[in-house]
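Please look over the sequence and the structure shown here. A short report on selected parts comes after them.

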Amino acid sequence: PVLRVRVRVEQDAAIVALALGIGANTAIFSVINSVLLKALPFPETNLLVGVWQTAPGVNIKDLSASLADYVTYQEESKTFDDVALWKGRSMTVTEFGDAERVDGISVTFRLLPLLGINPALGRGFVEKDSETNSPDVIMLGHGYWQRRYGGDPNVIGRRILADGTAREIIGVLPKDFWFMDMTHDLVVPIRFDRGSVRLAGYNFQAVARLRPGV
C-alpha cells in the first residue's frame with residue numbers, strides 16, 4: 001500500500017510538472033510570436049524604430065524624449081523621415097452621469113500618419129491641433145465609440161467633457177488599431193508652444209520612421 005501511494009504521488013507530480021512545462025512553453029511562444037515573429041500591423045514595419053537617447057554625463061543609457069528633442073528631430077534629422085511622441089494617460093469623463101476614469105494616450109499629430117493608420121470615421125489630428133490656442137479636440141477608440149455611443153456615425157462634431165474640458169470629437173480609430181498593447185479609448189493631441197520649448201521634460205516616448213536607405 002505504501003508503494004502504491006508513493007507511485008500515485010510521483011505520477012501526480014509528473015503530471016503537474018508536465019502541465020506547468022506545457023503552460024510555460026505556450027506562454028513563452030505567445031510572447032515570442034507577438035513580439036518577434038508576428039509582423040506589426042503597420043506598413044513597412046522594417047522602417048519603424050523606437051527612439052531613446054543616452055546621457056553619458058549623468059550615466060543614463062536609455063533616456064526618454066522631450067519636446068525639444070521632438071522639434072530637433074522633426075526639423076534637423078537626416079535619419080528620420082518622420083517622428084512622433086506619445087504618452088499614456090487617463091482622463092475623467094463626466095459626459096454620462098457618474099465620473100468615469102478612461103485610459104488613453106496623448107500623441108503628437110504625426111503619430112497616426114507615421115504608422116500608416118487612417119481614422120475609421122472623421123479625421124485625424126493636424127498640426128494646428130498641436131497649438132496651445134487651438135480648439136480642444138479628441139479622437140475616440142473604436143471600442144469606446146461602440147460602447148458609449150452605440151457606433152453612432154453622427155458622433156463627429158459632438159463634444160465630450162473630459163478632464164473638465166469640452167472637447168470636439170473629430171475622429172474614430174479603426175477597429176483593429178493596435179499600439180504598444182495600450183488602451184486607446186481616448187486620444188488627445190500633445191499641445192505646446194514652439195517658441196517656449198526648452199531642454200527639459202523627458203516624459204515622452206518617441207517612435208520614428210527611417211528615411212529610405214537608412
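The report covers a strand hairpin, one glutamine and the aromatic pairs.

This is a predicted model. Strand β8 covers residues 159-162, and its side chains alternate between two faces. Strand β9, residues 165-172, runs antiparallel to β8, and four bridges join the two strands. Opposite R159 stands E168 in β9. The two strands form a hairpin with two residues between them, and D163 in the turn has a positive phi of about 55°.

Q53 lies in strand β2, residues 53-55. Its relative accessibility is 14%, so Q53 counts as buried, the cut-off being under 20%. The side chain of Q53 reaches the backbone oxygen of S64 at 3.0 Å. A polar contact, also given as 3.0 Å, joins the side chains of Q53 and D69. Beyond neighbours within four places in sequence, the residues in contact with Q53 include K61, L63, Y73 and Y202.

The structure holds two aromatic pairs. One of them is edge-to-face and consists of Y70 and F192. This pair links distant parts of the chain, 122 residues apart: Y70 is in helix α2 (residues 67-76), and F192 is in the loop between β10 and β11. Y73 and F80 also form an edge-to-face pair.

| Pair | Distance between ring centres | Angle between planes |
|---|---|---|
| Y70 and F192 | 6.1 Å | 85° |
| Y73 and F80 | 5.4 Å | 80° |

Y70 counts as buried at 2% relative accessibility. F192 is buried with a relative accessible area of 16%, and F80 is buried with 13%.

Technical notes: Residues numbered from 1 in each chain as written. Predicted model: local features only at pLDDT ≥ 70, side-chain atom pairs only at ≥ 80, totals over all residues. Heavy atoms only, no water. Buried < 20%, exposed > 50% of the residue type's maximum accessible area, 1.4 Å probe, protein only. Pairing = 2+ DSSP bridges. Polar contact = N/O pair within 3.5 Å; in protein donor to acceptor, adjacent residues only side chain to side chain. Contact = heavy atoms within 4.5 Å. Phe/Tyr/Trp six-rings, centres within 6.5 Å; stacked < 30°, edge-to-face > 60°.
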